[in-house]
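Keep the structure open while reading.

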Amino acid sequence: MNRRTFALTMLALERAARPARAQAVAPPHLPVFRDATVESRIAFQCNGSPTSQKYLIETMPGGVAMFDYDGDGLLDLYFVNGAKLDDPMPPGKAPDKSDPRFWNRLYHNNGNGTFTDVTEKAGVRGHGYGMGVAVGDYDNDGRADLYVTNFGKNILYHNNGDGTFTDVTEKAGVAGGGWSSSACFVDYDCDGHLDLIVTRYMEWDFAKNLWCGPREPGYRGYCHPESFKKATHFVYHNNGDGTFTDVSRECGIGAAPGYGLGIAFNDYDQDGWPDILIANDNVPSQCFHNLGNGKFEEVALRKGLAYDEDGRTFSGMGIDFNDYDNDGWSDVVIGALANEKYALFGNRKGRFEYVSGQSGLARISSMHSGWGLKLIDYDNDGWKDLFVAQGHVMDNISLSSPSLKYLEPMLLLRNRRGAFEDVSARSGDALGVPRASRGAAFGDLDNDGFPDVVVSCLNGPAVILRNSGGNGNHWLLVNTVGTTSNRDGIGARIRVVGESGFEQHGIVTTAGSYQSANDKRVHFGLGQDQRVKILEIVWPSGIRQRLENVASDQILTVKEPPREKARA
Amino acid sequence: MVLKQPVFVAVAILLALSGQALAQPAVAAPCNLIQSSERRQAGLEALRGGRYAAAATALQESLDACPGQHTVLLDLSRAHLLARDFPRAIGAAERFVELEPGAVDGRLALANAYLMAQRLQDALREAGAALKTDPAQASALKLKGNVEYLLGQLDNALSTFVTLLEHHPNDEEGPYMLGRIYFQESRIDHAKGQFERVLKINPKSYKAYDNLGLCYQALGDTEMATRHFLTAIKLVDKDHPDYDWPYANLASLLLDQGDAEKAYGFASRAANRNPNSARNFYLGGKALGKLGKNDLCINWLERSAALDPNYPEPLYLMGRVYSQLGNEEKAKAALEKFRVLKETTSRQRK
């Protein structure tokens, strides 16, 4: 750069640094999110039981699940709750969940916009200090089961099919222990039975608690994770008879400890085997490449997923593993703390490139803290947008950083062909309300084809956000039923080509976000396409299925065909 | 930025001290006063000319001609320090302190020498000794605060700079260092307030503008960040030809905004000004990588890694670029070096 070019650059930058004049561009008609909490009759609050001791568990829960437990075609809701803590906790005392304020809650979707609390009948109030939830039909009986993670022993609730659940944890052998966070059901060895992977946050208990932050009144803070030891993650292989075997160490995942908070899976290299991604707090993210023989190899550093583009770690929390740029390769988005940036990794045929800067995500997210998040096509234009439930981890952050807030509004970023635009301010007043958001689940509560959002807020009311839809765009919800593969079809990869030739990709999963479980059905926004020219499913069994000329605006249930028929 | 500022400050303190009149103790020793004086003048002249080794020789001769003129030891210590001969710098200052244990200047010279030799605890002790004699001594407070900052004793450093500010409200160093510490602690609003205070004391403080740019960047206001970096650049462009920070900081901001071409321009300006900065070459390499000029990118990154073998960023990016180019062997080697370096620094931090 010579002096003249340099001077011109300086001039251009000076001009650019001046406030831009508003441009009169008509905004497109976009759906908005409406707070439907009161009318839904859901009055859940995740109670963390904050103490002056700043026990780290207080600020970390909790998750929420959207799942259809009674098979009526409507998504029900399950919220995970904390437990009562003493201030300070006497030695040897466990968190107390006996008070109904601390119960986990199951709400039945009545189909008319309201929900009914069925916790007691269902028998799913939980125990221990709750964190997260995973959903999957682990015994292939056609009914969605629940796995609840805790600080303490975890719980596997078997769905009995009559509106009740049975705690089968001990029999199944999946209690785990310590401090679990997010979990996911995935058939990692493609044997037709859902396995279970559980992230753990750290080796912590009340006796190990420390004073962190300045010793001034009000300034005590929650400790940095590095104050405590990393924890190993659990991998439970499903034996197909209602029991699981702990294969954590031998499969390779349990041998690599971390500060695990978020988990998601997808087949990043398209070799037919689901790979596991774990978002860790302040240490490198982990990508476990599935070798197809029951073992995994950690490849995050090699593949460009472990760090940001400068080789720095970030406080990884919520996560999603999906194709945001419609190139057929699954990308990764991970939430982080304020003064960092949310991380977006573009998949370049099995290798990842950090694209937070070029997508606009870095600029938008640098002052926010993101927990529950997901790439959802909320406006059905065919591009997956990004919704993030936000809030800082420190309830007193404004004392040290007045420009940072503990309570934050939600963030909605519209995907404009791979670049994100912040549309939060014009997407409904409900998004602008500051909250201590944590877990968030995504799915279509009213089956109108426009995805809704449910957010669990720490020490505040949970919020039901209804997507108004109504922009005339078309959609398709694909509900998979496995036969050779696991009954849910979890892990099936779906390719959709609209009549315009526009192509999209998705995967059947309930995992992702933060400590939460999402609608199992795969949602596609089709824009103005009224029909889907090709719908192709690659089932975990390897069976390929192709449907043609599928009408839009429907919930399409697809059953996995027998191997011979699929070939024909 | 964080690590270099205190060293810069230490040198500045040293230079400031050199201008102060030193008390001449009454020591009865036979000497050739004229020769000693001449050699001392020659030494000081060489110091001003940047010929530090020659300065040290002349000053030693001055001392040899008249050992009783032991204030020369302070000049000698400074010459050795600037010649980066830290053991001799420490030796000269120690001899002075032995002769005059109560002199603040001697303690400060010794503390500075320890600081430059990275003997931080010793530097802290000597700064403390100087402050026992004069608790409000500005240079001693700055030195103590800087050493505490380098030792990671941020609360102590904060308290020291607050004391400096109480005693010397118009000394820009106090709010500047407070701003640096707050920035380090991610207390960006507080940092911004301190840098604005520096500008009230000295409206031409390019360092304050530069750091305000960093604050605005951290607060997500890229327009204001750009504006402040540009102001800092205007202030240093002619008058401070060696100051490279705002160029590098603006390059980094432009990279975040996806403008690799402009970023490269500022990074190369930074590298021209300070060719010993690993960060400048890293930023240039990163910009080149984004522009698809991979061969040049690797060259810049290799230079960066060579300049500072403990700087992990260039190794990581090198690994990524080699991987993109399909050179898996070199990618693996660079990433392995990066991994080991990261683990070492993580252990050290703990």
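**Cysteines and a strand**

Both Cys212(A) and Cys223(A) are buried. This is a predicted model. Two disulfides are counted over all chains.

**Disulfide in chain A**
- Cys212(A) and Cys223(A) form a disulfide, with their sulfur atoms 2.0 Å apart.
- The S-S torsion of Cys212(A) and Cys223(A) is about 95°, so this disulfide is right-handed.
- Cys212(A) and Cys223(A) each sit in the loop between E11 and E12 of chain A, 11 residues apart.

**Disulfide in chain B**
- The sulfur atoms of Cys31(B) and Cys66(B) lie 2.2 Å apart and form a disulfide.
- Its S-S torsion, for Cys31(B) and Cys66(B), is about -55°, so the bond is left-handed.
- Cys31(B) lies in the loop between helices H1 and H2 of chain B, and Cys66(B) in the loop between H3 and H4, 35 residues away.
- Cys31(B) is partly exposed at 36% relative accessible area, whereas Cys66(B) is buried at 2%.

**Other cysteines**
- Cys46(A) is in no disulfide; the nearest cysteine sulfur belongs to Cys457(A), 9.0 Å away.
- Cys46(A) is buried, at 1% relative accessible area.
- Cys297(B) is also buried, at 0%.

**Strand E33 of chain A**
- Six of the eight residues of E33(A), residues 531-538, are buried, so the rest of the structure largely encloses this strand.
- E33(A) pairs antiparallel with E30 of chain A over six bridges; Ile494(A) stands opposite Ile537(A).
- Seven bridges join E33(A) to E34(A), also antiparallel; Val538(A) faces Arg544(A) across this pair, standing opposite it.
- The hairpin of E33(A) and E34(A) has five residues between its strands, and Gly542(A) takes a positive phi near 100° there.

How values were computed. Residues numbered from 1 in each chain as written. Chains lettered and ligands numbered in written order. Predicted model: local features only at pLDDT ≥ 70, side-chain atom pairs only at ≥ 80, totals over all residues. Heavy atoms only, no water. Buried < 20%, exposed > 50% of the residue type's maximum accessible area, 1.4 Å probe, protein only. Helix = DSSP H or I, 4+ residues; strand = E, 2+ residues; numbered from the N terminus. Pairing = 2+ DSSP bridges. Disulfide = S-S within 2.5 Å.
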